[in-house]
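Please view the sequence and the structure below before reading on.

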Amino acid sequence: MIAACHRKFGAEVVKVTVGRGTDEQAFHLHKKALCQASPVFGRMFNGCFAEGQSGQAFLLEGDPKAFDMLASWLYSGKVYNADHRQRAYIELFILAEKYDIVRLADNTMDAYVHAVIFTRHRPTSTLCAAAYEGTQEESKIQLFMSRYWAYGLINDEDKGNWLTSTFVPLGEKAQEILIDGMGHLRNMNNMKLSKGQKLMCNPKFAPLCDYHQYGKDQVCPYAKPMKRKLDESNV
């Protein structure tokens, strides 16, 4: 395994220390792998900064568990979260966005949506607040959260896990959450519904491309190419 990684990424390794105090954890990663994935780390380790000279970086405010998921993804290309905890996906997305790792952000959203489907647990107000406070304006995870807020408010009964009181936005970005959610509700006035169709679709069943970083006019980089039918032109 190590020999294969050396052949692919070279032997140069950097050390990234994440967190502080008893939560501090050190990660040793191939420099080429990390810098190829993240332009931010690329500038950090390949420039004239202290990190480039020492081969070490300290992310004191980082989440070691999220960075461990990042490190695993770096070599496997897959987002792994054994217990499907929603908070872990949110922290990983925040990390991916902060260090401009676009593909990891997209992969995280795919895994997060699948986890919500699998566990059948909606994002709580606390999780929604964490996602909004840790990401940039108009982030894809904010889109998912605001859609879920609007969908849950109008499509489920006021009981159990769907009590109306639990939809009250929390945190520093509560007003933004409310504005985004109400925006989805107002936009429903423009929807033309067929018989039996719900007023708003469940956001976890929306096309995964909705939560990816590329533009509307760009081709999905994750879609498998369609097989051409056999005809005279390609025999």
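## Overall fold

The protein contains 10 helices and three strands; helices (H or I, at least four residues) and strands (E, at least two) are DSSP runs, numbered from the N terminus. Starting at the N terminus, the elements follow the order α-β-β-α-α-α-β-α-α-α-α-α-α.

This is a predicted model, in which local features need pLDDT of at least 70, side-chain atom pairs count only at pLDDT 80 or more, and totals for chains, interfaces and linings use all residues. Residues are numbered from 1 along each chain as its sequence is written, and side-chain values use heavy atoms, with hydrogens and water left out.

## Burial and contacts

Of the 235 residues in the protein, 40% are buried (buried means under 20% relative accessible area, exposed over 50%, partly exposed in between, with a 1.4 Å probe and protein chains only). Contacts (heavy atoms within 4.5 Å) between residues at least 6 apart in sequence join residues at least 24 apart in 64% of cases.

## Cysteines

The structure has zero disulfides, a disulfide being a pair of cysteine sulfur atoms within 2.5 Å. C48 is exposed, at 72% relative accessible area, whereas C128 is buried, at 7% relative accessibility.

## Surface

The accessible surface of the protein is about 14600 Å², and carbon and sulfur atoms account for 53% of that surface; the areas come from the Shrake-Rupley method with a 1.4 Å probe, and for residues only the protein chains shown count as cover.

Helix α10 (residues 174–187) includes I179, which is partly exposed at 48% relative accessibility.
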